[in-house]
Each structure stands twice: as structure tokens, then as C-alpha cells.
Amino acid sequence: MISYPSRHCTVELQALPSRIGQVRRIVSAQLRYWHLDALIDRASLGVTELLSNVHRHAQPDKTCTVEIELLLDRLTVSVRDHDPRMPVVDDAEPLATCGRGLAMVAAMSESWGVRPDGESGKVVWFTLPTTSAAVSAPSRRARRTVQEKPARRFAEVGHAADGLLPEHAPARSAVAG
């Protein structure tokens, strides 16, 4: 079921990989309709991570509801599932292939959280600012600083031993025939 009131969209689904792509496209289309194109990448990334967590961890089933809501200057994206266990944010090992989803959501959103939903479920949510300054320049407070290093050169091209530039060879095809 999909509903599209003016500033609210709800999608109910099974959190299966094929459905996650469909929901990402629905979220993108809704944000375009609301003229929030600048938020599409971050909202799509966040909803993908939350739905992937439902697919991977939720018990007893993978049924969930995705809700996006635009209120004043905030877009809230939430995913409700039927598993009462709260997610745990751990530091992933450097070579781990999973375990970074909620950290990514935290890094790209203005705020995020989780709350119980009745006796048998929870809601995981994140917000994105919709003001023009915040949309064009995401919050820097959640970003980690990375030490800048100069790029390494793998080869110097264009210098012959005598200091003259080499002659250019004609182009050759790498395909036989």
C-alpha cells in the first residue's frame, strides 16, 4: 500500500533485496515531487541501510513500513518493523564487510534514533534538513576528519633519457582482427 498525501508518504513491504530498490525509487520520486532533489542521495542511502538491517536482522518476519514526512524544514525517514530488539551500533573491524550501516546513517543525517513501537516492534528514523543552506552543505559536525596525503605518482610520462619528448606512436587496436 502506498499513500501520497501532500507531505507524507508511507510504503508497506517485505524487506527483500528486490523490494529495497523499489522503495528507493519511490522515495526518490516523492522527493522530486516535493522539489527536494538535493536530498535524494542521502535519503536513498539512509532508507537502503535501514531496510537492509530489517532484511538481515528482523524477527519474526521481514514486514516493515517506510514513512517519509516533510514538516517545516525537516524531512524524517523512518522504518518500522516487528522485531522489538533495538539495534546496537558497534565499531566495525577495518576489513569487515558489514556493520557500518547505522554509522553511515548517523554521518549523513542531521539526527537519528530508535524507539520502541508497542510491545513487538521498533521504529528507526533519521532526519535531513530541508533549508537551502543545509541541503547544499551537509552538516560538518558528524564528519570525521581525514588526514590529507599527497597523491603518489606511479609513472612519469613524457621524458626521454636525453630530455626530449618521445615521438608519438600511432594508435593501435587491442582487438585482433
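A disulfide, for this talk, is a pair of cysteine sulfur atoms within 2.5 Å. By the distance rule, the count here comes to 0 disulfides. Two cysteines are still worth a look. Cys9 counts as buried because its relative accessibility is 2%, where buried means under 20% relative accessible area, exposed means over 50%, and partly exposed lies in between, using a 1.4 Å probe and protein chains only. Cys64 is buried too, with a relative accessible area of 1%.

Before going on, a word on what we are looking at. This is a predicted model, in which local features need pLDDT of at least 70 and side-chain atom pairs count only at pLDDT 80 or more, while totals for chains, interfaces and linings use all residues. Residues are numbered from 1 along each chain as its sequence is written, and side-chain values use heavy atoms, with hydrogens and water left out.

How confident is the predictor? pLDDT is its confidence in each residue, from 0 to 100. The chain averages 78, and 71% of the residues score at least 70. Please be careful with two stretches. Over residues 136-161 pLDDT stays under 50, and the model has 11 contacts beyond four places in sequence for them; contact means heavy atoms within 4.5 Å. Residues 163-177 also stay under 50, with 5 such contacts. Where pLDDT is low, the predicted coordinates should not be read in detail.

Now the overall layout. The chain has 4 helices and 6 strands, and from the N terminus on they run β-β-α-α-β-β-α-β-β-α. Helices (H or I, at least four residues) and strands (E, at least two) are DSSP runs, numbered from the N terminus. Of the 177 residues, 32% are buried. Among contacts with a separation of 6 or more, 60% are between residues 24 or more positions apart. The chain exposes about 12200 Å², and carbon and sulfur atoms supply 55% of that; the areas come from the Shrake-Rupley method with a 1.4 Å probe, and for residues only the protein chains shown count as cover.

Let's walk along helix α1, residues 17-33. Its end C-alpha atoms are 25 Å apart, which agrees with the 24 Å that its 17 residues should span at 1.5 Å a residue; the expected span is 1.5 Å times one less than the number of residues. Its buried residues include Ile20, Val23, Ile26 and Leu31. Leaving aside neighbours within four places in sequence, Thr48 is in contact with Ile20 and Arg24. Thr48 counts as buried, because its relative accessibility is 16%.

Most residues other than glycine have a negative phi, and most peptide bonds are trans. Just after α1, His35 takes a positive phi of about 60 degrees. His35 sits in the loop between α1 and α2 and counts as exposed because its relative accessibility is 71%. Leu72 also has a positive phi, about 50 degrees, and lies in the loop between β3 and β4. With a relative accessible area of 87%, Leu72 is exposed. Then there is a cis peptide bond from Gln59 to Pro60, with omega near 5 degrees. Pro60 is in the loop between α2 (40-57) and β3 (63-71).

Which strand is mostly covered, with 7 of its 8 residues buried? That is β6, residues 122-129. β6 pairs with β4 in the antiparallel sense over 8 bridges; two strands pair if DSSP finds at least two bridges between them. In that pairing, Val77 has Phe126 of β6 as its bridge partner. β5, residues 111-116, is joined to β6 by 6 bridges, also antiparallel, and here Arg115 stands opposite Val123. β5 and β6 form a hairpin with 5 residues between them, and Gly118 in the turn has a positive phi of about 70 degrees.

Is Gly121 buried or exposed? Gly121 is buried, with a relative accessible area of 3%. Apart from neighbours within four places in sequence, Gly121 is in contact with Asp81, His82, Asp83, Pro84 and Pro116. The C-alpha atoms of Gly121 and Ala58 are separated by 9.4 Å, though the two are 63 residues apart along the chain. Thanks, everyone!

Notes. pLDDT is the predictor's confidence in each residue, from 0 to 100.
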